[in-house]
Protein chains: 2
Amino acid sequence: MADEVLFELLHYEIVSHICNSSNEEDKASSISKLEALGYRIGLSLVERLTKDNPRFKDDLDTMKFICKDFWMTLYKKQIDNLRTNHQGVYVLQDNRFKLLTLISQGKQYMDMAPRYLAMPCGLIRGALSGLGIVSVVTAEVSAMPACKFQIQIQRL
Amino acid sequence: MADEVLFELLHYEIVSHICNSSNEEDKASSISKLEALGYRIGLSLVERLTKDNPRFKDDLDTMKFICKDFWMTLYKKQIDNLRTNHQGVYVLQDNRFKLLTLISQGKQYMDMAPRYLAMPCGLIRGALSGLGIVSVVTAEVSAMPACKFQIQIQRL
């Protein structure tokens with residue numbers, strides 16, 4: 001039980017540290033630092049998770065791995081919904097995203113959400129990169145604590 | 001397996017972030033930021049770990065909890081050795097401290113050790129504080145990857 005919160009507590013503290021030590025103008029740079037930090041962790045983590053696995057057969061198969069095993073490792077739950085337009089865009093919906101449950105859920109706190117979603121976006125992008133998929137990952141919060149991660153695959 | 005490394009990966013990235021974004025003069029301030037961050041996490045974590053527990057009967061009993069349950073939650077192993085002078089000083093030895101196994105083990109890397117030990121010192125101090133013990137916690141590396149945490153209880 002306490003094991004599960006360790007990653008969240010540490011994540012929460014990093015967000016505070018990075019965002020509070022920067023002024024208002026540096027807000028974008030804080031977000032990008034958190035994203036980059038997530039990217040490196042996602043990359044390392046996916047290497048360990050998949051080292052004995054066969055290769056995934058296609059992008060959809062890779063996304064299913066992200067939704068199940070990868071999310072389970074990070075947040076002890078699976079992604080609730082996966083959609084795709086079959087043209088390289090995937091939307092992963094988590095109906096109860098852990099980090100957002102730690103902050104207050106009123107509408108007035110919505111502007112706090114991006115800082116807690118930057119690292120998770122980086123985690124996804126890093127994991128996909130480790131699996132050979134270059135992507136752009138963004139997050140969107142409609143009703144706290146639900147959120148959607150949109151993955152746009154970049155064809156080279 | 002991958003679960004276990006998540007906390008280490010994140011810890012490692014925080015150390016890099018905090019230490020690399022500061023110049024040489026700010027080294028002490030980086031260490032103290034990492035310690036403070038650990039303190040807050042230790043405090044939150046111990047609250048969750050002990051919420052259903054009876055109170056500990058004395059300081060030694062509390063230290064045994066830190067060596068076993070608390071360390072197990074953080075590092076999936078127990079402290080290898082606990083010593084005390086029975087005058088408020090406790091020395092906790094970990095013969096193979098996880099974070100130190102991530103960095104190279106040559107003597108020339110010894111000066112890298114303090115940055116990886118600052119947060120663990122804070123974690124211990126925070127946990128003890130949550131259990132009603134005010135302390136000063138320092139760490140010492142003799143032979144990598146072994147290290148000793150010295151706890152000096154402060155009587156008020």
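Okay, some housekeeping. Residues are numbered from 1 along each chain as its sequence is written, and chains are lettered from A, with ligands numbered from 1, in the order in which they are written. Because the model is predicted, local features need pLDDT of at least 70 and side-chain atom pairs count only at pLDDT 80 or more, while totals for chains, interfaces and linings use all residues; side-chain values use heavy atoms, with hydrogens and water left out.

So, how confident is the predictor? pLDDT is its confidence in each residue, from 0 to 100. Chain A averages 89, and 92% of its residues score at least 70. Going by elements of chain A, the lowest mean pLDDT, 81, belongs to helix α4 (residues 98-102), and the highest, 97, to strand β2 (residues 89-94).

When I say helix or strand, I mean a DSSP run, numbered from the N terminus: H or I with at least four residues for helices, E with at least two for strands. Two strands pair if DSSP finds at least two bridges between them.

Now the sheet in chain A. Look for four strands in an open sheet, in the order β1-β2-β4-β3, with antiparallel pairing. Which strands stand at the edges? They are β1 and β3 (135-141) of chain A, each with a single partner strand, so one side of each has no neighbour in the sheet. From one strand to the next, the twist averages 20 degrees. For angles, axes are lines fitted to C-alpha atoms, for helices over the stretch in contact, and the angles run from 0 to 180 degrees between N-to-C directions.

Let's zoom in on the pairs. Strand β1 (residues 81-84) of chain A is joined to β2(A) by four bridges, and the two run antiparallel. In that pair, A:Thr84 sits opposite A:Tyr90 of β2(A). The two strands make a hairpin with four residues between them, and A:His86 in the turn has a positive phi of about 60 degrees.

By contact I mean heavy atoms within 4.5 Å. Helix α3 of chain A lies across β1, β2 and β4 of chain A, at about 20 degrees to β2(A). Helix α5 (residues 113-130) of chain A also packs on the sheet, where it touches β3 and β4 of chain A; its direction makes about 150 degrees with that of β3(A).

Helix α3 has a helix partner too. How are helices α2 and α3 of chain A arranged? Helix α2 (residues 27-50) and helix α3 (residues 59-75) of chain A pack at about 105 degrees, with axes 11 Å apart. That makes α2(A) and α3(A) roughly perpendicular; the cut-offs are under 35 degrees for roughly parallel, over 145 for roughly antiparallel, 65 to 115 for roughly perpendicular, and oblique for the rest. On the α2(A) side the contact uses A:Gly42, A:Leu45, A:Val46, A:Leu49 and A:Thr50, and on the α3(A) side A:Phe65, A:Phe70, A:Thr73 and A:Leu74. These residues divide into six nonpolar, three polar and no charged. For that count, Ala, Val, Leu, Ile, Met, Phe, Trp, Tyr, Cys and Pro are nonpolar, Asp, Glu, Lys and Arg are charged, and the others, Gly among them, are polar.

Over to chain B. Its open sheet also reads β1-β2-β4-β3, with antiparallel pairing.

Last, how do the chains relate? Chain B superposes on chain A by a rotation of 180 degrees with 0.0 Å of shift along the axis, at an RMSD of 0.0 Å. So that is the relation of a two-fold axis. The superposition is by least squares on C-alpha atoms of residues with pLDDT of at least 70 in both copies. Which residue of chain B comes closest to the rotation axis? B:Phe7, with its C-alpha at 2.9 Å. And the same surface serves both copies, as 100% of the contact residues of chain B recur in chain A.

Terms used. pLDDT = per-residue confidence, 0-100.
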